[in-house]
Amino acid sequence: MATKRASQVKKSVWLTPGPVRGRRSPRAGEGGPGSLDREVIVAAAIGLLDAQGEAKFSMRALAARLDVTPMSLYWYVADKDDLLELALDVVAGEMALPEPGDGSDWQSGLRALAVTWRAAMLAHPWAVRIYADYLNIGPNSVRFSARALEIVRTSPLSETDAMAALSAIFQYTYGFTSTEVNWAEKADQAGTTTEGLVAEITEAVRDLPGVADSGVLVERPSEPEHLIREREFHRALDWLLTGMQSSLP
């Protein structure tokens, strides 16, 4: 859905062997086989990421949350990057995929995929911020991609246009959701809501020379910001899907 320079993309946990574990058994309190498992560690990591975000996340903090030593975690994951990629795939597993034969047409199916991807990322804001750092080729991510391909291939679009359609839908969804998360984070850091932050910015720039007459200050509807974003998200999806349909012979 998003790309980075090759040097910035982490090597996938799915393409490397498991962590190299020590030859000796772990000492008491160190953890090891039987006292932890990878699923428990990943679930705890997601809880910590949801609570504190990825910037404050560390293996040491995770070990403290699990009441084990940091070294015990390395029996199950090679490093922090592997753990974050595993956590991302669990988030992908939360996405509700349209079932084959549920009566949805291809446009409804693409909309459903965009909606569930955005919902999962809004529920775990750290995930959208690090999404482009990883290849996202875990089982849940591949399952999502496979269903997306199945849906778009039921459309009358050519194979080339079908791939372009998927790219358009998910690049849009990624960008829209990233902006939502970014605004929410900035508002939280400022100790206010998104609506409050927009109002503060508007007031701060109102008296700058030329701003009042430029038309840049747009009156926002008097309703919660999340409802405005929801409407805008679906309206732009409408335009994308309508454009795809109108391109057909």
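This is a predicted model: local features need pLDDT of at least 70, side-chain atom pairs count only at pLDDT 80 or more; totals for chains, interfaces and linings use all residues.

Q: Why is arginine 147 called buried?
A: Its relative accessible area is 12%. Buried means under 20%, so arginine 147 gets that label.

Q: Which residues is arginine 147 in contact with, once its neighbours within four places in sequence are left aside?
A: Those are Leu97, Pro98, Glu99 and Pro100. To count as a contact, heavy atoms have to be within 4.5 Å.

Q: And how far apart are arginine 147 and leucine 113?
A: In sequence they are 34 residues apart, while in space their C-alpha atoms are 8.9 Å apart.

Q: Let's zoom out. What makes up the protein, in helices and strands?
A: There are 11 helices and 0 strands. Along the sequence that reads α-α-α-α-α-α-α-α-α-α-α.

Q: How much of the protein counts as buried?
A: Of its 249 residues, 38% do.

Q: What about contacts between residues at least 6 apart in sequence: what share join residues at least 24 apart?
A: That share is 74%.

Q: Which residues touch the most other members of the largest nonpolar core?
A: Leu62, Leu73, Leu83, Leu110 and Trp126 do, in a core of 62 residues. Two or more residues come from each of helix H1 (38-52), helix H2 (59-66), helix H4 (80-93), helix H5 (106-123), helix H6 (125-130), H7, helix H8 (159-189) and helix H11 (225-246). H8 gives the most, with 9 residues. As background, nonpolar side chains in soluble globular proteins tend to be buried together.

Q: What makes leucine 62 count as buried?
A: Leucine 62, which sits in helix H2, has a relative accessible area of 0%. The cut-off for buried is under 20%, so leucine 62 is buried.

Q: What is leucine 62 in contact with, beyond its neighbours within four places in sequence?
A: Its contacts there are Ile41, Ala44, Ala45, Leu48, Phe57, Leu73 and Leu83. Take alanine 44: leucine 62 is 18 residues from it in sequence, and 7.1 Å from it in space, C-alpha to C-alpha.

Q: And which residues does leucine 110 contact, on the same terms?
A: Leaving aside neighbours within four places in sequence, leucine 110 is in contact with Ile151, Val152, Leu166, Ile169, Leu241 and Met244.

Q: Is aspartate 67 buried or exposed, and why?
A: Aspartate 67 has 70% relative accessibility. Exposed means over 50%, so aspartate 67 counts as exposed. You'll find aspartate 67 in the loop between H2 and helix H3 (70-73). Its phi is near 60°, a positive value in a residue other than glycine.

Q: What about asparagine 136: buried or exposed?
A: Asparagine 136 has a relative accessible area of 13%. With buried set at under 20%, asparagine 136 is therefore buried. Asparagine 136 is in the loop between H6 and H7, and has a positive phi of about 55° although it is not a glycine.

Q: Which residues line the largest cavity?
A: Leu88, Ala92, Met95, Met121, Tyr131 and Asn136 do. The volume of this cavity is about 30 Å³, and the structure holds 1 cavity of 30 Å³ or more.

Q: How does that lining split by class?
A: It has 5 nonpolar residues, 1 polar residue and no charged ones.

Q: Last one: which residues does the "DNA-binding region" annotation cover?
A: In the UniProt record, an unreviewed entry, that annotation covers residues 58-77. In the model, the span is 60% helix and 0% strand, and its end C-alpha atoms lie 13 Å apart.

Technical notes. Residues are numbered from 1 along each chain as its sequence is written. Side-chain values use heavy atoms; hydrogens and water are left out. Buried means under 20% relative accessible area, exposed over 50%, partly exposed in between (1.4 Å probe, protein chains only). UniProt positions are given in the numbering used here, feature names are shortened, and annotations may be inferred rather than shown by experiment. Helices (H or I, at least four residues) and strands (E, at least two) are DSSP runs, numbered from the N terminus. On a 1 Å grid over the protein atoms alone, a cavity is a set of points where a 1.4 Å probe fits but cannot get out, and a pocket is an open set with protein on both sides within 12 Å along at least five of seven lines; lining residues have an atom within 4 Å of a point. Grid points are joined across faces, edges and corners, and a volume is the space filled by probe spheres set on the points. Ala, Val, Leu, Ile, Met, Phe, Trp, Tyr, Cys and Pro count as nonpolar, Asp, Glu, Lys and Arg as charged, and the others, Gly among them, as polar. A nonpolar core is a set of buried Ala, Val, Leu, Ile, Met, Phe, Trp, Tyr and Cys residues joined through side-chain atoms within 4.5 Å.
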